[in-house]
Amino acid sequence: MTTTPTRSGTPYRSMLHPARASFGRLLHAEWTKFRTVRAWTLVLAVAAVVTVLVCLLGANGSTTSGGGHDTLGPDGKEVVDVFRYTHRPLTGDGTVTARVTGLKSADGRTLEPWAKAGLLVKRNLTPGSAYAAVLATPAHGVRVQWNYTHDTAASDTDVTTTPRWLRLTRTGDHVTAYESPDGRTWKKIEDVRLPGLPNTVQVGLFVGTPAHEDVRRAFGGTSETYAGGQATGTFDHLALQGTSTSGDWAGTDMGPAAPDGPVAENAPPAGTTTVSASGTYTLTGHGDIAPAQDGPDTVQMSFQGVFFAVLFMVALGTLFVTGEYKRGLIRTTFTATPARLKVLAAKTVVITAVTFVTGLAAVAVGFTIAQHALRGNGFKPPEFPDLSVLDSPALRAVVGSAMLLSLVAVLALALGVVLRNSAGTIATVVVLVILPQILSFAFPLPAAQWLLRVTPAAAFAVQQGVTRYPQVKYNCLPESGCYPLSPWNGLAVLAAYTAAALLLAAWSLRRRDA
Amino acid sequence: MIRFLHAEWTKLRTLPSTWWLLAATVVLTVAVGAAAASSITTQVCHSAQPCQEDTVKLSLTGVWLGQATCLVLGVLSMGAEYGTGTIRTTLTAMPARWRVLAAKAAALALLTAATGALAITTALWTAKLILPVQGPTLRATTGSILILTLVAVLGLALATLLRDTAGGIILGLALLYVVPLTIDLIHSPTWQHRLQRWTPMPAALSIQATRDLNHLPIGPWPGLGVLAAYAVGLLVFGGAVFRLRDA
């Protein structure tokens, strides 16, 4: 006699929600696959160690001879403070008004777009002291600038063709800037607070022009030549209301004290101020009032190891999927989970998490050690900032680098799904991410910048630590660590490539046999 | 030895990836060279005479990309055997391991050199259509063909050493791309100069220079010699390991 199993009334149902449980289980399955390949854990560990070591070696190899005559601004950052100043002391509150009637080049060169002529209130005549200025430029209109880094745009008058009235009013530690087309109707531009402004300040006219920079690049070599341009500004209707201890305007070439010894041959000629009988002031001078933008980027210099980490992450991302194709495991995987896109999603999540966490740890340690080494090699405050991992540009660069590494790994994973071949995938991704950088050092500047905008190499922009100010003209040279895109935009380019590759992978997974 | 060569040639010839990679080498080298040549605009160089650009070197920029496919070809010629296990059959049929490796290297070098010659001459002629290429081209072109050949041999050597495709490619790409990039970004002239002399990639590319030879960190032929030393040295080392180790 045999007993047949009795059929119960309700069939067995899992207590887990089917969709959610299956993705969790998939994640667990993919994590197990990753974890149990001993070589991959080893690759991760080696990647971390190599990253830290190369960061340290790169920083150790970098040296600086020190800044020399550095001018430091009110916030301790390095600034340029060179211009021709025609000034008087002002005690207490007061107003200075003048009409800028022209601005032209004094040495036959084309006038720089950021040449400046205007009014300026300054704490004292020490280079780097606090100031506020209202100024007219040939190509960027009327501006209010203060304390080297701040800049507000006003009307877009071209001072080389149209005269403009300018006015600065000092009240306590506030300076208010006005402009006017005719000297009667005044428009307020900006009210600026200069903390700790003393009772007696300097007020007056100023002229300056940034040096004309000429960049020549050829394969393997770049030369930048600076030709110290000179500009001449003309003013009339100069008026000062308020108490001044001096009866007359004094002309001064502002700037750091000249070094001892003979005057350099290429030194620009001294500035001049002349006053005509009709009250026209003509100032000729050179120089700029701006944040210094030419020093090396000590944040970026601490990330040499990331280039090597890219290789390891690409290898991991690729092998995580091509390994399954090679051994035929992919057929088992897809038999167990016919929802192929979910498998792709689970793989993406696992590889993102693993590479991000490892990358973040390695980059943070590498950065800290590299900063220490750089400080030892002379990259010290005040010329170079003293940064910890948690300070703003450093934090962005460290987290951004870790994101870059995991995006690169996902790009490799997605491309691995499409190509199903490790050799081709690894070579393609590494070439896409690394080669544009190398070529950008060699190509002419427009082509180089184009490469760093449109290829995944743009993502390395996230490692920049120097703030670029739009009011300062600079040459964005790839070999000095300048990227044409802003940090997050650069990373977004790589993210776009990765997203596109993932879409392509999803499409080919669904369309193709395993 | 002829039979060894014939066997290796058959294996290399019948890998589908070989022909893809060779075609890619030609296409990429020519395309990048053409792109580089057209990047010289009047904005960069007003006229041909005072222009500082080394136009010969610029039209051969494609080597930077072509070397990647040659490296993959070299790695796969040995890595594929380890990946599929053919290596055991190969070594059972031909137990003389040094000769196997020599035959592999010879077949690979001949094929890459022929493809390289096609790629480099086409790249130069394409660039000449775009730009007035001036300067002596013989050393630069011969050298570029040799670079591609030596890089393929380097790939073979790395795969023999590591017995793995992915590892060989990663190590090769590190030498060819990441090391030169790191050198470019180092802020120390002394170290930059040293590394430019003694690492295979920036050193070998000095063979392409036709201008300002005095300013090169290493001379054209010695530079190529550095790459040759790396490739041959690693191949000999790989061969010794190949001889001593189990397959």
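Let me begin with a term: two residues are in contact if their C-beta atoms, placed from the backbone, lie within 7 Å. Please also bear in mind that this is a predicted model.

I apply that term to a helix pair in chain B. In helix H2 of chain B, residues 16-38, the residues that meet H4(B) include Ser17(B), Leu21(B), Ala24(B), Leu28(B) and Val32(B). On the side of H4(B), the partners include Trp64(B), Leu65(B), Thr69(B), Leu73(B) and Leu76(B). By class, this contact of H2(B) with H4(B) holds 11 nonpolar and six polar residues, and no charged ones. How far apart are the axes of the two helices, and at what angle do they pack? The axes of H2(B) and H4(B) are 7 Å apart, and the angle is about 170°. H2(B) is therefore roughly antiparallel to H4(B), because angles over 145 degrees are counted that way.

I turn next to the contact between the chains. Chain B contributes 36 residues and chain A contributes 35 residues. Three helices of chain B, namely H3 (55-59), H4 (63-84) and H8 (165-185), each supply at least two residues of the side that touches chain A. Which helix gives the largest share of that side? The answer is H8(B), with 13 residues. The side of chain B that touches chain A comprises 22 nonpolar, 10 polar and four charged residues.

Arg163(B) lies in the loop between helix H7 (138-162) and H8. Arg163(B) is not a glycine, yet its phi is positive, near 55°. Is Arg163(B) buried or exposed? Arg163(B) counts as buried because it has 20 C-beta neighbours inside 10 Å, and 20 or more is the requirement.

Chain A has 514 residues, of which 45% are buried. Its secondary structure amounts to nine helices and 18 strands. Of its contacts with a separation of 6 or more, 76% join residues 24 or more positions apart.

Chain A is divided into domain 1, made of 21-65 and 296-511, and domain 2, which covers 71-291. The C-alpha centres of these two domains of chain A are 45 Å apart. Where they touch, 12 residues of domain 1 are in contact with 17 residues of domain 2. The domain 1 side has seven nonpolar, two polar and three charged residues.

One sheet of chain A is open and has three strands in the order E1-E2-E18, with antiparallel pairing. E2 (residues 78-81) and E18(A) are joined by three bridges, and Val80(A) stands opposite Ala290(A).

Another strand of chain A, E14 (residues 231-243), contains His237(A). This non-glycine residue has a positive phi of about 55°. His237(A) counts as partly exposed because it has 15 C-beta neighbours inside 10 Å.

Val321(A) is buried, as 27 other C-beta atoms lie within 10 Å. Leaving aside neighbours within four places in sequence, Val321(A) is in contact with Lys347(A), Leu413(A), Gly416(A) and Val417(A). Between Val321(A) and Leu344(A), the sequence separation is 23 residues and the C-alpha to C-alpha distance is 9.2 Å.

Key. Residues numbered from 1 in each chain as written. Chains lettered and ligands numbered in written order. Predicted model: local features only at pLDDT ≥ 70, side-chain atom pairs only at ≥ 80, totals over all residues. Helix = DSSP H or I, 4+ residues; strand = E, 2+ residues; numbered from the N terminus. Nonpolar A, V, L, I, M, F, W, Y, C, P; charged D, E, K, R; others polar. Axes fitted to C-alpha atoms, helices over the stretch in contact; angles between N-to-C directions. Parallel < 35°, antiparallel > 145°, perpendicular 65-115°, else oblique. Domains from an automatic or database assignment. Pairing = 2+ DSSP bridges. Buried ≥ 20, exposed ≤ 12 C-beta atoms within 10 Å, placed from the backbone.
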